[in-house]
Structures are given as structure tokens and as C-alpha cells.
Amino acid sequence: MTKYTIGLDYGSQSGRAVLVEVHSGKEVATAVKAYTHGVMDEFLPDGKTKLEHDWALQHPNDYLEVLQITIPQVLEESGVSADDVIGVGIDFTACTVLPIKEDGTPLCLMDEFVHHPHSYVKLWKHHAAQDEANRLNEIAEERGEEFLKRYGGKISSEWMIPKVWQILNEAPEIYQAADQIIEAADWVTSQLTGKIVRNSCTAGYKAIWHKKEGYPSKEFFKALDPRLENVVEEKLSKEIISIGSNAGEISENGAKLTGLKPGTAVAVGNVDAHVSIPAVGITEPGKLLMIMGTSTCHILLGEEEKIVPGMCGVVEDGVIPGYMGYEAGQSCVGDHFEWFTENCVSASYYEEAREKGMNIHALLTEKASKLQVGESGLLALDWWNGNRSTLVDADLTGLLLGATLSTKPEEIYRALIEATAYGTRTIVEAFRENGVPVNEVYACGGIAEKNALMMQIYADVLNMEIKISASSQTPALGSAMFGAVAAGKERGGYDSITEAAKVMSWLKDETYVPTLKNAKIYEQLYTEYEKLYNYFGRGQNNVMKTLKHIKKNSQNREEDL
Ligand SMILES: Nc1ncnc2c1ncn2[C@@H]1O[C@H](COP(=O)(O)OP(=O)(O)O)[C@@H](O)[C@H]1O
Ligand SMILES: O=C(CO)[C@@H](O)[C@@H](O)COP(=O)(O)O
């Protein structure tokens, strides 16, 4: 009898489920559910409670809706019986965290906290904990904390501890009421199994946990704030479960929620980028995978722990057991294009797109593909949402240089694409310069699926061939693979993710090969990008932060009026 697993990928804007054949990796059915509340960055659901600048929240009920809608949908669409589903895996954006009660109830679902911003889910791109991150890095530096080097020298405001500290600083009543502050990947998994376990991937990359050393010391947390001395015991957890492990089984409640059978194996939660590595067949070092969506994550295996300035983290067994897993990233990739199409494109372009039966991205891409490399005279810094790697500074902002009265929207759209490619090249070069080989480049994610011009530009800028995942839902396929490992061989699955990858991973036949002529011109443009990167990003000119400071003060003056 054919056996199946289900993978659920929770991205920034939607949750996606795939039903996969265990013996082949064939995706039998797919379902997508956009989050009802989307990304809340202006108001809470009450429409009245205004959020401050750099906030990004989500609603946990949206995550449950994904379970309730997409899993029954893939079963119904395929006609597969729940009896033949042997396992489920979940991956999530990270660090996406929420305060909960001991029984798993999110604080934002409690009447007393429904109008309180700090009771909701802080999405990975929530950047309002930058002050806490800056202070944490200063204190860690002063104390000579060893862990800093594992995170490229700085802890990002996007990660767990700055977000927990922001809650304590700004909402001690929420901090007090929370029995745990947990990654959404682990919370959603617990909604299926009825028990809370924490996975080693988010703990390692986002919460400063180390396989041998555990979390930082009580003395360190006390140095941040005396009230944080016991934060690990009080709000996090010392019990960390390795990825590839079983988090439990579908409970009666999980069965009611999803239509799956009680007892179906459930994999411990994972991160949407890291889970994609085995899904493209990467099980050894030297092969960099770009997961390209709202943001881009760069995941790479290595033989040993190296220190790479500005990387997001290196975790032993964090991606594939037996290897060091490296992560770097760019906080704003797809978001650049979403911002541009929503704010900077005239109605005539939308009219033309409608007439041609294409979406605005496709129209702009079609026009941009007719431009020669360098023709626009534009150069951008891809920091519309800060810089995650290699500068780890959410307070940096975007830059567009070279615009004239004849500059067209498609020229800016292309310049933004090229800027994200230069940002990726900076990361690749940082790995190589610090002893972590990058010999091959792979890509997956929504953008790798949707924008051929962008992938060609990346090949030209990196001057490397780019292999593409064959799955349109690569993270979900990876989670389905971990679901098969959670079930184990005796139930028709696999005993290791490496074994599963040999059978269930997929790549497209066609690749993107660099065009030498373009690569040569991009060398010149990249040299100019590096000058801007260093000048605006490394303190030679702090105008971006000065402008942000003036902006924040003007908002405060406006609120005082
Ligand atoms: N044709 C396109 N070219 C470039 N970016 C696109 C295109 N279509 C959508 N996007 C961007 O891709 C992002 C969504 O990526 P996706 O991988 O689907 O979601 P997620 O980030 O939630 O995993 C959005 O930011 C959107 O602006
Ligand atoms: O930070 C990570 C992974 O470490 C991502 O979850 C985060 O950048 C969001 O990813 P998406 O672009 O929404 O897929």
C-alpha cells in the first residue's frame, strides 16, 4: 500500500501543505491558506490599537486555520485516506515567537490581553527590539561571551532574547503572565500532539542555545537585567529535541483539527529555510541553498565550526546531523518588490498588465528583462528592512543611486533585484574568506519559482551556475521528509533524513548558467556596490540612522500634539 506524509510550511504570508508519496517524494496534492490577519504592522485586529514603527505581529488563530483547511484539502483533493498518512512535519519562519500559558493558550486569546500588542505573535521581521539587541551585544562584548562569535559577532533584533527582553521592558505584566515564550514552530506542533517540545534548530539559531554548552549563563542574563536571571527556566526550556526526532503523535484534538488519524507520527518542528536543504538533496558541505521569498536565507553545511562575520549562526547538527549548519540571510528580498509594486508603480502599468493578462511582477520583469546590464545607471542598497548579513543591523535603510528624470519603474525594479543579488554575493564571499567552502549554489522558494530573470541575474552576479528545486513548495517537502523520518522505517518511513533525501528530494533539469558578458559588467557594478555597502553600512556615514532618529522623534512629537 502506498504510504504518504504531509509537510506544512508556514511562510510570512501564508501556510502551505503538501501531501507526498514516501517512496518517491512525488507531491500528490498541495494546498495554500493565506493568513486571515496577514502581517499586522499598523493595528491590532481591533482596528484601534496602533502599533509602533518596526513592529510585525501575527495572529495564532491564523496558524490553526492553516491546519484545519489545508490538511483536509490535500486529503480530499488526492482521495488519499488518512490511514495511509504515516507522518507529519511542520516548518515555520523563525524567530517567530509568542507568549503562552502552561496549557498552550496564547495570551492574545485571553480577554484581558486581547488589546495588548505584546500578547501577540512577534513575526521574525519584528524589528522593534533593536535597542535590546544593541544592549545585549554591548554587554556580551564587555563580558567576552564566547557565543557571540557563533552568531557572526552580533545577536540580531530578530532573534529570541531581544524579543523576550522587549516584552519584559515594555510589558512586564505580559512577561509575568506568560508561562512560556515559544517559537511558533513548536507551538503549532504542540497543537497536533497535545504536548510542548522545543526543537534544536530554532533553539540553536535563534535562542543562543548550544548542543554542548546549552544557553548562556545565568550571570549573563542577570547582567542584561536582574529579572532575566532565570529566564531559561522560567520562560524557555532546557529540554531541546534534535531535529529529525519524533515530537509525539497526533492527539485526539489534533485529529479533530486536521482529519488525520490519532497516532500518526509528528516530527519535531523545524525552520522554513533549514528544512529545505534535504529537500533539494543537499547532504554534504560546500553546497549553498538560497531560500528566496519575502526574505532570503542562505543555508550551508560545513565540516567544522568556523567564525564568519555577520552570519546568523552556526549550529552543530542544526540542519543535517553530523555537520555544522551555517545560516546567513537578507531580511528583505521579496518584500522589496512588494513595497515597490504597491507604492511606486503608476496605474498605467497596472492597466497594461491587466490588458496583457499578467500580474504586475510579470509585467515589470518582462520590461526589465529588455534592459542591458548597467543600462539604467542605477545602483541600490537592498536594506529597505535593514541588513541581516553581514552587517546584522536592522537600523540600516534602503538607498537608490543614479535616478534621473528619465528613470523608469522597470529600471528601479531591476536595480532592486540586482541589489539583492549583490547582497547574496557579499555573503558568499564572507563564507569563502573565512574558510567555509561554497562550491555550488542551489535555489528554492517562491521567487526561484516565479522570476526567471531574477535567477539569471543571480547567476551572472555570482558568476556561478544555479540549480533549482523541482518542488514549488520545497520547505513543505522538507517537512514531509522529516515526517517520514519521525514515522521511521518500521512504519514505512526512513530512519534518517539523509536516507529520505536520497529518495524524496528533487531538482529541476534546467539550471541558470552565467552569461560571461553580463558577469563582466556585474563585476564593475559589484565593486561600486561594495563601496556603498562599506560607506553606509560600516559607520563611515551614519546618515541612515540619523534620518531614522529624526523620523522617530517627529512621530513622537506628532503623538504628543
Ligand atoms: N514574480 C515575482 N518576482 C519577484 N518577487 C515576487 C514575485 N512574485 C511574488 N514575489 C514576492 O515573493 C514574496 C513571497 O514569497 P513566497 O516564497 O511565496 O512566500 P514566503 O516568503 O511567505 O515564504 C513576496 O514578498 C512577493 O512580493
Ligand atoms: O529567518 C528565517 C529562517 O532562519 C526565515 O524564517 C525568515 O527569514 C522568513 O522567511 P520567508 O522569507 O518568509 O520564507
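This is a predicted model: local features need pLDDT of at least 70, side-chain atom pairs count only at pLDDT 80 or more; totals for chains, interfaces and linings use all residues.
Good morning. A residue counts as buried when its relative accessible area is under 20%. By that criterion Asn518, at 14%, is buried.

Leaving aside residues up to four places away in sequence, Asn518 touches Val373 and Asp460.

I stay with helix H20 and turn to its aromatic residues. Across the structure there are 18 aromatic pairs. One of these joins Trp383 and Tyr533 in an edge-to-face arrangement, with 5.4 Å from centre to centre and 70° between the planes. Which parts of the chain does this pair tie together? Trp383 sits in the loop between strand S18 (379-381) and strand S19 (399-401), while Tyr533 sits in helix H20, so the pair connects parts that are 150 residues apart in sequence. Both partners are shielded: Trp383 is buried at a relative accessible area of 0%, and Tyr533 is buried at 2%.

A second pair is formed by Tyr526 and Tyr529. Their ring centres are 6.0 Å apart and their planes meet at 20°, so this pair is stacked. The two tyrosines are 3 residues apart in helix H20, a separation of about one helical turn. In general, an α-helix has 3.6 residues a turn, so residues three or four places apart point the same way. Tyr526 is buried at 2% relative accessibility, and Tyr529 is buried at 0%.

Next, the charged contacts. The structure contains 33 salt bridges, and I shall discuss a few of them.

In one, the side chains of Lys125 and Asp335 meet with a distance of 2.5 Å from N to O. Where do the two partners lie? Lys125 is in the loop between strand S7 (121-122) and helix H2 (130-143), and Asp335 is in helix H12; they are 210 residues apart, and the pair links distant parts of the chain. Lys125 is buried, with a relative accessible area of 16%, and Asp335 is buried at 13%.

Asp335 leads us to helix H12 itself, residues 334-343. Its buried residues are Gly334, Asp335, His336, Phe337, Phe340 and Thr341. Against which helices do the buried residues of H12 pack? They pack against helix H13 (347-356), helix H14 (360-368), helix H15 (409-433), helix H16 (446-450) and helix H17 (452-462).

For an annotation covering this region, I refer to UniProt. An unreviewed entry there lists residues 289-487 as "domain: Carbohydrate kinase FGGY C-terminal". In the model this span is 42% helix and 18% strand, and its end C-alpha atoms lie 26 Å apart.

Another salt bridge joins Arg388 and Glu158, whose closest N and O atoms are 2.8 Å apart. Arg388 lies in the loop between S18 and S19, and Glu158 in the loop between helix H3 (147-150) and helix H4 (160-170), so this bridge ties together parts that are 230 residues apart in sequence. Is this pair buried or exposed? Arg388 is buried, with a relative accessible area of 5%, and Glu158 is buried at 1%.

The bridge between Lys218 and Glu233 has a distance of 3.3 Å from N to O. Lys218 is in helix H8 (residues 218-224) and Glu233 is in helix H9 (residues 231-235), 15 residues apart. Elsewhere, salt bridges that share partners join Lys211, Lys212, Glu316 and Asp317 into one network.

Val543, Leu547 and Ile550 make a nonpolar surface patch of about 250 Å². Val543 lies in helix H21, residues 543-560. This residue counts as partly exposed, because its relative accessibility is 32%.

To summarise, Trp383 and Tyr533 tie together parts of the chain 150 residues apart, Lys125 and Asp335 link parts 210 residues apart, and Arg388 and Glu158 tie together parts 230 residues apart. Thank you for your attention.

Methods:
Residues are numbered from 1 along each chain as its sequence is written. Chains are lettered from A and ligands numbered from 1 in the order in which they are written. Side-chain values use heavy atoms; hydrogens and water are left out. Patches are made of residues with over 30% relative accessible area and no salt bridge: like charges are joined within 9 Å, nonpolar side chains (Val, Leu, Ile, Met, Phe, Trp, Tyr) within 5 Å. Accessible areas come from the Shrake-Rupley method with a 1.4 Å probe; for residues, only the protein chains shown count as cover. A salt bridge is a side-chain nitrogen of Lys or Arg within 4 Å of a carboxyl oxygen of Asp or Glu. Helices (H or I, at least four residues) and strands (E, at least two) are DSSP runs, numbered from the N terminus. Buried means under 20% relative accessible area, exposed over 50%, partly exposed in between (1.4 Å probe, protein chains only). UniProt positions are given in the numbering used here, feature names are shortened, and annotations may be inferred rather than shown by experiment. Contact means heavy atoms within 4.5 Å. Rings of Phe, Tyr and Trp (its six-membered ring) pair if their centres lie within 6.5 Å; planes under 30 degrees apart count as stacked, over 60 as edge-to-face and the rest as tilted.
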